[in-house]
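Work through each task first, then compare your steps with the solution.

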Amino acid sequence: MASPTWESDEGYPSYPKISGFGWMRVAVRGLLILLVMLVGIVVLSLIRLVEKPIFGLRRPVGGYVPPWVCRMSLRIMGLRYRKTGKALRGAGAVVANHSSWLDIFTLNARNPVFFVAKSEVAGWAGIGFLAKLAGTVFIARERKEAKRQQILFQDCLKAGQKLLFFPEGTSTDAQRVLPFKTTLFQAFLDKELLDDMKVQPVTVNYIAPTGQDARFYGWWGDMEFGGHMLQMLAAKRHGEVEVVYHAPVVAADFANRKALAAHCEAQVRGGHWSEKHG
């Protein structure tokens, strides 16, 4: 069964009307980010021509291009980035809370990862192409696909990739952490991977610009991607995002996927600003 999209009882934020200066910021920032992405696409495509026949699923060089694109895009947008803790080195899995399409930039900016995304993303105009080029692993959130997807995850992990999962199964308003779904954690307990399989919980905290709705960066439910992106590009001042890297754990130390998922959820939830500040 597909994961339902999360909805808020409070409705959606009321974003300000974009002013003339706001549209100027949209144009300048949008063009600069587009230019950075085009450079990244060309460079990554050239690298993959040589890299793919030799390394297959592994991306020892190409994997560093998307993080550069993400860092530059955040700087152009004006969203301040802050990192706490150390990112896992080498192959493994990263599990994080999911608040927005901006997570693609914030979680990849300082830590080369390969996202695991729902299959629908592959068909999104523009984003689908970029996601495929960056090595995103697409999955269908249906029980009948669970076994096939588990094998796919195992192949990627054995190839040395660091996969990033959103165990909540949906994005939120950036004000909470939803209960983690445990199914995907089973891939981390594969007998061939168990002894060396490391999993790192990561918390992403978005702090809205002064005077804006606290949910400013959240993107969920029926919110239009285009409209939300325009607001992000038009904002006169941005807030900040904090990415908290918690201590990695070894999958073999946990009895089953539910125990592993519960630990990761507790770590992510404990690092979220809503838990710290009530």
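**Exercise 1.** Work out which residues of β2 point one way and which the other way, and whether they are buried or exposed.

*Solution.* Step 1: Gly92, Val94 and Ala96 point one way from β2, while Ala93 and Val95 point the other way. Step 2: all of them are buried, meaning under 20% relative accessible area with a 1.4 Å probe and protein chains only. Strand β2 (residues 92-96) is thus mostly covered, with five of its five residues buried.

Step 1: look at the partners of β2. Strands are DSSP runs (E, at least two residues) numbered from the N terminus, as are helices (H or I, at least four), and two strands pair if DSSP finds at least two bridges between them. Four bridges join β2 to β5 (residues 162-165), running parallel, with Val95 opposite Phe165. Four bridges also join β2 to β6 (residues 198-207), again parallel, and here Val94 stands opposite Gln200.

A word on the source: this is a predicted model, where local features need pLDDT of at least 70, side-chain atom pairs count only at pLDDT 80 or more, and totals for chains, interfaces and linings use all residues. Residues are numbered from 1 along each chain as its sequence is written, and side-chain values use heavy atoms, leaving out hydrogens and water.

**Exercise 2.** Find how helices α1 and α6 pack, giving the angle and the distance between their axes.

*Solution.* Step 1: α1 (residues 20-55) and α6 (residues 225-234) pack at about 100°, with axes 7 Å apart. Step 2: they are therefore roughly perpendicular (65 to 115 degrees).

Conventions
Axes fitted to C-alpha atoms, helices over the stretch in contact; angles between N-to-C directions. Parallel < 35°, antiparallel > 145°, perpendicular 65-115°, else oblique. Buried < 20%, exposed > 50% of the residue type's maximum accessible area, 1.4 Å probe, protein only.
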